Amino acid sequence: MFENMDERFRLSENDPNLGSPWYKWGPYISERSWGTAREDYSPNGDAWNYFSFDLAHKKVFRWGEDAIAGWCDRYQILAFAPVFWNGRDPILKERLFGLNPYEGNHSEDVKEYYYHLDATPTHSYMSYLYKYPQNPFPYQLLREENAKRGLKDPEYELVDTGIFQDKAYFDIVIEYAMATNEDTCIQITAHNRGSKSAPLHILPHLWFRNQWGWGDVRQKEPTIALLSSEKDLCLIADDENLNIQKDLSFDYRLGKRYLYAQRGASPLFTNNENSYASPYSKDAFHRFLIEKNGQAINPDCVGTKAALHYVFDILPNQTASVRLRLTDRVLSDPFSEIGHIFSTRKQEADAFYKSIFSQNASKEECQIQRQAIAGMIWNKQLYLYDVDLWLKGDNRQFPPPESRKKIRNEHWKLLNSKRVISMPDKWEYPWFAAWDLAFHTLTLGLIDIQFAKRQLMVLILDQFQNPNGAIPAYEWNFGDFNPTVHAWAALRLFDMEKEQTGKEDYTFLKTCFLKLLLNFTFLVNQVDSSGCNVFEGGFLGLDNISLLDRSESMGDNVYLKQSDGTGWMAMFALNLMRIALKLAKIDHSYEVLATKFFQHFIQIAYATKTRDNKPYSLWDAQDRFFYDVLVYPDGQFAPFRIRSFVGIIPLFAVDIITKEELEEFPYFKSNFIWSLQNLTHATDVSIYEQNHSYLLSFVNQDQFQNIMQYVRDPNEFWSPFGIRSLSKFHEDHPFIHNVTRIGYEPGDSIHKIKGGNSNWRGPIWFPLNYLLIQSLKTYSIHFPEATGIAKEISENLVKIFKRDENGKRTNLHDFSLDQDPHFKDLHLYHEFFHGDTGKGLGASHQTGWTGLVANLINELRK
């Protein structure tokens, strides 16, 4: 029965202590499963060639499906997705097409136009737009033209092929509206934007993820069959035979599910199997429709994969639509109220977002926020990955090549994920990244604070965090190091919830603290080889920002002492000190740990500014900036005089403690005062008293002013669209060490370090800009001018998405269809932005951390 309720009530029903009924179904299917580390069983670790796009419509996925605007249950037992065919393509449009790293001149890259239009946090209403050309999709042309282009050339995009000339394409809107948490209404509407009639095949797919075909003994299969009905078409999916415990380690069943559909379609059946396992295989519908092979589909109308085949000839500027309903109940009239359900859920979504966004935000800004948040919600994905099983292989009779066990993640056998996780971009990055996820939670916290908190805790759960305390970085190398921003994010979520609801969730904060305590200890022991509180750290998420690949060894007893690694650790120490102080409000024993992290912080801050017991300093007195330093076994060293965000990150380690606050914590206060009196060599460079408060800062006052001079200089870091990741100074003054050169590269990377699909040598990145803004707000108590600088950076970042005085969007700098009425209100949230023009670059749907624009607008328009 249809339940009329507002979104906030549904969120309250998702109390984690009572279960989460509205999260049972959602957009949890990836947009790309081919070319991932999870699906790679090759002997050499070449995931992209082992499981390519060309195999994806034939070969069964082991660890999760992919689709366009897909929908499934929490554990992806049963999946639904729309599939299309224009009658001319060589394959059905089941998934988004993109290039792999060997085909793209800037590594992997999706070559489609699709948009996340709307979504509510409980998935009660979802809307997705896919633009499907009516002429043959230029798969080969995109490959050939991009192959001709070099690193310094622009990418050859779908629009460059001329495929959208004369508007010969369909706008296909896929919508979901949940009547109840077990009853989903589906509407697929195709708009012919062209001037001629055009055919369109719409094939809604329903299928079971293959869990039965792995292992030593083949398991029983679930079934999808045609249910006899006089009025409507109905598919019935039954998982009764499925041995779900093999994959999930516990019993979980959907029971019977009914997919109702309007008449006019031909039901098609096959199995979600490889061709060697069944005469009716995964690619049957391709072979049946395109190759005209009538033997490809099962004439008995049963299988583990089914489709409903609708054929339309759509007149110019006209539409065709298909309505369906996926439910747990037998319905006598499934479509009588579907229109009302959709209109009601849309109205509830409007009301919800009106309560979230500031009344001072413009209509355009609210649109930017809403589509950013929609992208966050659509990028939820079920991340299935049992590393131990993946390394061993499913079938002991046919084990994977022995060589692959040493290629990646051999020390992460305990990692076993069955979690829905917020992904950076479900096509470009259909796997979590540790520090990305921390930023995701801040935007998710605007709309669903409980989900945001659970997301932050995912990577410190026992199934993820290594027993040694390490947090998994990303699936290509779980053992790499990402910036230590999780404690900072935990504090912000704690404060966000208090501001939203008045509740202080100390259980959440305590859980984060205890697990991050293990992580801090691990990092101190791993990335401070000399024990002098100057850290190496490795990759740290900033791909190619350094002269060298920081994930690789520098040589025997050669270490790169990192300003950003040291700054991150100082920030981590301060964040843990602050969490301990918050916990001390309910348990004073935490004052002991607050003291420990306070003292660790001042030792780190002191170590970077002096040469005690070492011949170098990270602070360069000549340039008045922080640099990395390469240290050799014989004591020789080489500072890398590269002005980049590496030297700005130390600003992030900052906090304020008022004298009134100190009175709440007598043990901490006594140690704090003792340190001021007895550790003057350290505290004089990290603690500054003013206006009844103490500023705890990694940098001293002169260093702050010196760094900010660089930040504010248009010839250095300052761009009209945010702060550059590397100074423009290096455009004419590249830094050279031995034969390696680094210069200012404001756009796409011209070097293929870490794959080459992202660039930290000049472009603007939201996460570091956002951290700088928040840090400046803290500094403003002692440096009032910091408030205005933070506001100006925020406005410049938001400006990237807004139309300028000429009606152009900055991030769509040279997109020829920007003014088209069917494109002009559609937003893309790129991974990073050109350092001079603000053009969007990299992954085009990385609302993960670029979604922070929604937070910035709320903060600016309070």
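Mentor: Begin with Asn 700, at the start of α19. A side-chain oxygen of Asn 700 comes to within 3.1 Å of the backbone nitrogen of Asp 702. Keep in mind that this is a predicted model. Helix α19 covers residues 701–712, which makes 12 residues. From first C-alpha to last, α19 reaches 16 Å, close to the 16 Å expected at 1.5 Å a residue. Now look at its side chains. Gln 703, Phe 704, Asn 706 and Ile 707 are buried. Met 708, Tyr 710 and Val 711 of α19 are buried too.

Next, a loop residue. Asp 818 sits in the loop between α21 (785–799) and β32 (832–833). Asp 818 counts as buried because its relative accessibility is 1%, and the cut-off for buried is under 20%. A polar atom of the Asp 818 side chain lies 3.4 Å from the backbone nitrogen of Arg 809. Leaving aside neighbours within four places in sequence, Asp 818 also has contacts that include Arg 803, Lys 808, Leu 812 and Phe 823.

The largest cavity has a volume of about 100 Å³. Among the residues lining the largest cavity are Glu 65, Asp 66, Trp 207, Asn 272 and Lys 305. Strands β3 (78–85) and β10 (198–208) are the elements that give two or more residues to that lining. By type, the lining of the largest cavity has 6 charged, 4 nonpolar and 2 polar residues.

Note on methods:
Residues are numbered from 1 along each chain as its sequence is written. This is a predicted model: local features need pLDDT of at least 70, side-chain atom pairs count only at pLDDT 80 or more; totals for chains, interfaces and linings use all residues. Side-chain values use heavy atoms; hydrogens and water are left out. Helices (H or I, at least four residues) and strands (E, at least two) are DSSP runs, numbered from the N terminus. The expected span of a helix is 1.5 Å times one less than its number of residues. Buried means under 20% relative accessible area, exposed over 50%, partly exposed in between (1.4 Å probe, protein chains only). A polar contact is a pair of N or O atoms within 3.5 Å; within protein, one must be able to donate a hydrogen and the other to accept it, and residues adjacent in sequence count only if both atoms are side-chain atoms. Contact means heavy atoms within 4.5 Å. On a 1 Å grid over the protein atoms alone, a cavity is a set of points where a 1.4 Å probe fits but cannot get out, and a pocket is an open set with protein on both sides within 12 Å along at least five of seven lines; lining residues have an atom within 4 Å of a point. Grid points are joined across faces, edges and corners, and a volume is the space filled by probe spheres set on the points. Ala, Val, Leu, Ile, Met, Phe, Trp, Tyr, Cys and Pro count as nonpolar, Asp, Glu, Lys and Arg as charged, and the others, Gly among them, as polar.
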